Amino acid sequence: MTSELQIPKQMRALRVLKAPSKYYSLETLPVPRAEGTQVLLKIGAAGLCHTDLMVLEGSFGENLPLVGSHEPSGTVVQLGEEAGKIGGLKIGDRVAALLPKDVCGKCSDCRFGDWKYCANSKYSGITTDGYFSEYALVEAKHCVVLPDSMNFEQAAPLTCAGVTIYTAIKKANLKPGEIIAISGLGALGSLGVQMAKAMGLKVVAIDARPEPLDLVRSFDIAPDLVIDGRKTSSEDAMKEIIKLRPDGYEGWDGADATILTADPTSSHTFALSLTRRHGHVILVAQPPELNFNFKNFIFQDLTLSGSLHGNEVDLKETIELCAKYGIESHVSRFGVDEHEKMIDACEAEGRKGKIVLSFE
Ligand SMILES: [Zn+2]
Ligand SMILES: [Zn+2]
């Protein structure tokens, strides 16, 4: 142990006791102690993600009880014996951290792939304790130090929603000026349209709900084209996309790549019809089943890839990009005593942006 700040023995935490549950249980738990390569964070803010609601519903059943949330940001207050040697972290650093825990270091991906695919890791807030607590452990190597300009409430959503959509945009592998369509403008999509613009792409933003559509129209870094899937036929939407090409463009009609962030099949069908022949479709939504027409893949020659969150390099790039271009989430903030209100807000009609629990 190097040095540490004053740390209480107990903390408040939101736990899922059993599933299905509508709400978390607010409990008092012992503050854990950082060992080895771990870091203890005093949590500043932790995000609520769609996956957290799936944990409450019981989609990841056997691991309960556990503390919710996999999107942490906070201040380093204690370093395990080995943790200070990793990335030069020190007490008092403001950081954001990734969700995996107990990455094995031995499986094929840990050895010669990407550890984010580790076959044996646990997931904070999903299969082991997460970050809806005043203090929480993270791995030193999963931490990224925050720029002074970024507060905890903006940093927390970048650790899952932000890094996931950033990694998906990178996976599209487009050149500046090429067209990316982002279908679904929730927490991921609304960050994604800003990031993709900042990366020099032409951006088509698609949703069928008025509030998210109005939100992306209001951004300083606004998309080139906003399509309301309820009101626009795919033929009319395609005509608008064609207008985004420079004069003299020779190639196929439609978006060069499309990212699917929403679950409904109708949103996928619409988005695929706007993707150009031989284009790339990237899935980050998690519907229980996918239902595509074979024609999209045989005659339209689309390539479909899945994309999983990101590693510490992706998170660092995400944070730097957002800080540089002032890319922000639309955040609704709740205190720990308002946790039931926070869950109710998820289900509220007209919701937009990101819900964050603040401990400050
Ligand atoms: Zn998430
Ligand atoms: Zn592994």
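**Notebook: cysteines and zinc**

I started with two cysteines: Cys110 is buried, and Cys118 is buried too. I'm keeping in mind that this is a predicted model.

Next I looked up what these two sit beside. Both turn up among the protein donors of the zinc ion (ligand 2), along with Cys104 and Cys107. Each gives its SG atom, and the four lie 2.3 to 2.4 Å from the zinc. I checked the geometry as well: the angles among the four donor atoms run from 105 to 119°, and the site is tetrahedral. Along the sequence, I read the donor spacing as C-x2-C-x2-C-x7-C.

Then I went to the other zinc ion (ligand 1). I found Cys49 (SG), His70 (NE2) and Cys160 (SG) coordinating it, at 2.0 to 2.2 Å. The spacing here is C-x20-H-x89-C. Cys49 and His70 link distant parts of the chain, 21 residues apart. I placed Cys49 in the loop between strand E3 (38-48) and helix H1 (50-57). His70 is in the loop between strand E4 (66-67) and strand E5 (71-79). Cys49 and His70 are both buried, and Cys160 counts as buried as well, at 12% relative accessibility.

How many disulfides does the structure hold? I found zero. I took Cys322 as a test case. Its closest cysteine sulfur is in Cys160, 14 Å away, so that is too far for a bond; the cut-off I used is 2.5 Å between sulfur atoms. Cys322 also counts as buried, at 2% relative accessibility.

Technical notes
Residues are numbered from 1 along each chain as its sequence is written. Chains are lettered from A and ligands numbered from 1 in the order in which they are written. This is a predicted model: local features need pLDDT of at least 70, side-chain atom pairs count only at pLDDT 80 or more; totals for chains, interfaces and linings use all residues. Side-chain values use heavy atoms; hydrogens and water are left out. Buried means under 20% relative accessible area, exposed over 50%, partly exposed in between (1.4 Å probe, protein chains only). Donors are N, O and S atoms within 2.8 Å of the metal (3.2 Å for Na, K and Ca); water is not among the atoms, so sites may look incomplete. Four donors count as tetrahedral if all angles lie between 85 and 135 degrees; four count as square planar and six as octahedral if opposite donors are over 155 degrees apart and all others between 65 and 115; anything else is irregular. Helices (H or I, at least four residues) and strands (E, at least two) are DSSP runs, numbered from the N terminus.
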